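Hi,

Here is the structure I promised to pass on. Have a look at it first, and then read my notes below.

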Amino acid sequence: MLIKLSRPSDCKESDITPESLYLSRRALLGGTAAALAVGSLPRWAAAAEVSQYADVDAGAAPNWFAEKLPGTQWQAVTVKGEAITPFKDATHYNNFYEFGTDKGDPAANAGALPTSPWTVVVDGEVGKPGRYALEDFMKPYQLQERIYRLRCVEAWSMVIPWLGFPISALLKQVEPTSKARYIRFETLQDPKHMPGQRSGFALIDWPYVEGLRLDEAMNPLAILAVGMYGRELPNQNGAPLRLVVPWKYGFKSIKSIVRISLVEQQPRTTWQNIAPEEYGFYANVNPTVDHPRWTQARERRLPSGLFSPNVRDTQMFNGYADEVASLYSGLDLRKNY
Ligand SMILES: Nc1nc2c(c(=O)[nH]1)N[C@H]1C(S)=C(S)[C@@H](COP(=O)(O)O)O[C@H]1N2
Ligand SMILES: [Mo]
């Protein structure tokens, strides 16, 4: 699938350098790309290069998805010189407990989940509540590509190119009332297709729930994603609609969303319910606040193996401090983990 690359001069962010794009691409292509900066290539050539996200399984995107791709732009390449995680790793090392607790379970079990048709409900403290077929829900939005680090609370990380749109654009559409202070997200409940919900993995009180403060949701880095690696989301990554908040631990990035509610009170979230002393509402990536059972100072960047564990230092707010630190001024991050 082709993705249009904007010229470097189109980029708003000063840290979107052609070099960073090139480094990611080259790593992705296994070093076979010619030694040319993307910025010096004609548009078609750059696009052709991007279409070669190596070893991406062809999807079966619905029509509405394909129609949104030509408008895709590189807007926030926030990862400098870090290789994009191979598609195979990003789609076969997953957490999605609805499909089992082993890292390989989602890839093995999620394929059978019907993701089209899909209904999304928007309710609560909004001027314009609604119940939408996904393609109608998506009508107002253009897709953007965002290459973000994803840091799991379990101390592994990846770099993933998402396709999505800012939550702020959704909020503009649905018009939160003056009472709305938080946004709450809920995953599908479907025991027939989600073996983890059937087996009564007793820890989790389904459905999986997550939430953000409204100002966090308004931050331009927070997106709702419908695709990755230039295609629609594979089921194990949360098809057809998931949250991506790159400065927070991965468990905040809830998958397969069916309900989005604007609420007054801070929502009680899934991992908070399970172990409130280990997983907080904020869950901001923070190398100086350890998990009670392990350090958060370092992480394993996938692919990671016995002989090349690929361990690196964890960055404050997962490397996005410039963009998000101001959201938490005055907040004790040790207490509000
Ligand atoms: N509904 C739901 N969403 C979820 C999870 C889950 O178990 N169920 N796991 C979370 C965790 S712990 C992580 S690290 C990320 C993993 O996303 P990925 O598999 O696409 O890398 O999804 C998050 N979203
Ligand atoms: Mo996670």
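Which polar backbone atom is 3.2 Å from a nitrogen atom of ligand 1? That backbone atom belongs to Asn95. I'm counting this as a polar contact, meaning a pair of N or O atoms within 3.5 Å (within protein, one must be able to donate a hydrogen and the other to accept it, and residues adjacent in sequence count only if both atoms are side-chain atoms).

Before you go on: this is a predicted model, where local features need pLDDT of at least 70 and side-chain atom pairs count only at pLDDT 80 or more, while totals for chains, interfaces and linings use all residues. Residues are numbered from 1 along each chain as its sequence is written, chains are lettered from A and ligands numbered from 1 in the order in which they are written, and side-chain values use heavy atoms, with hydrogens and water left out.

Back to the ligand. On its own, ligand 1 exposes 540 Å², and the protein buries 98% of that (areas by the Shrake-Rupley method with a 1.4 Å probe).

Around ligand 1 there are 17 residues, with Asn94, Tyr97, Glu98, Arg242 and Lys255 the closest; to be near, a residue needs a heavy atom within 4 Å. Sorted by class, that shell holds 8 nonpolar, 6 polar and 3 charged residues. Here Ala, Val, Leu, Ile, Met, Phe, Trp, Tyr, Cys and Pro count as nonpolar, Asp, Glu, Lys and Arg as charged, and the others, Gly among them, as polar.

Now for the strands. S2 (residues 119-124) and S3 (residues 130-133) run antiparallel and are joined by 4 bridges; strands pair if DSSP finds at least two bridges between them. A hairpin of 5 residues links S2 to S3, and Val121 stands opposite Arg131 in S3. Helices (H or I, at least four residues) and strands (E, at least two) are DSSP runs, numbered from the N terminus.

- Trp206 and Pro207 are joined by a cis peptide bond, omega about 0°, and Pro207 is in the loop between helix H8 and strand S7.
- From Leu302 to Pro303 the peptide bond is cis, omega near 0°; Pro303 is in the loop between strands S12 and S13.
- Glu175 isn't a glycine, yet has a positive phi of about 55°; Glu175 lies between helix H7 and strand S6.

Cheers
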